[in-house]
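Here are some quick notes on the charged side chains in this one. Have a look at the structure first, then read on.

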Amino acid sequence: QVQLVESGGGLVEAGDSLTLSCAASGRTFSDYVMGWFRQAPGKDREFVATINRGGGSTYYADSVKGRFSISRDNAKNTVYLQMRSLKPEDTAVYYCAAKGTAYVRRYYSTSSEYDHWGQGTQVTVSS
């Protein structure tokens with residue numbers, strides 16, 4: 001079992017930047033694919049970004065491509081989401097998720113594929 005704790009959310013203005021962190025504990029962090037998802041009020045949870053176990057492969061939702069960057073530090077058991085040029089439509093609760101896998105090069109973009117979730121951190125972007 002892995003425990004995930006997100007941090008770094010807050011209230012920012014459109015065009016600002018923000019970096020979210022997700023600290024993992026409990027198991028070997030490098031055994032997990034990591035992902036970021038978000039859920040806006042009244043909407044389904046949606047995929048944002050994912051990164052493979054070693055950090056060499058990433059994949060993004062079209063809505064954030066070129067503005068968001070996912071990275072991980074396996075020595076610190078932490079995954080990050082750097083968000084730039086934020087828009088009001090980025091307002092949501094952001095969740096990090098972990099998927100244990102033996103496949104080093106895989107990543108996952110569907111929420112049902114993930115086994116473990118954090119509690120979420122609120123990001124609000126004002127116009």
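1. A word on terms before the rest: buried means under 20% relative accessible area, exposed means over 50%, and partly exposed is in between. Keep in mind that this is a predicted model.

2. Start with R38 and D90, whose side chains meet in a salt bridge at 2.9 Å, N to O. R38 sits in strand β4 (residues 32-39), while D90 is in the loop between β8 (78-83) and β9 (92-100), so this pair ties together parts that are 52 residues apart in sequence.

3. Is D90 buried or exposed? With a relative accessibility of 1%, D90 falls under the 20% cut-off, so D90 counts as buried. R38 counts as buried too, because its relative accessibility is 5%.

4. R38 has another partner: E46 forms a salt bridge with R38, and their closest N and O atoms are 2.5 Å apart. E46 has 35% relative accessibility, so E46 counts as partly exposed.

5. Then there's D62, which pairs with K65 in a salt bridge, the closest N and O atoms being 3.1 Å apart. D62 comes out at 67% relative accessibility and therefore counts as exposed.

6. Which residues end up in one network? Salt bridges that share partners join R38, E46, R67 and D90.

Key:
Residues are numbered from 1 along each chain as its sequence is written. This is a predicted model: local features need pLDDT of at least 70, side-chain atom pairs count only at pLDDT 80 or more; totals for chains, interfaces and linings use all residues. Side-chain values use heavy atoms; hydrogens and water are left out. A salt bridge is a side-chain nitrogen of Lys or Arg within 4 Å of a carboxyl oxygen of Asp or Glu. Buried means under 20% relative accessible area, exposed over 50%, partly exposed in between (1.4 Å probe, protein chains only). Helices (H or I, at least four residues) and strands (E, at least two) are DSSP runs, numbered from the N terminus.
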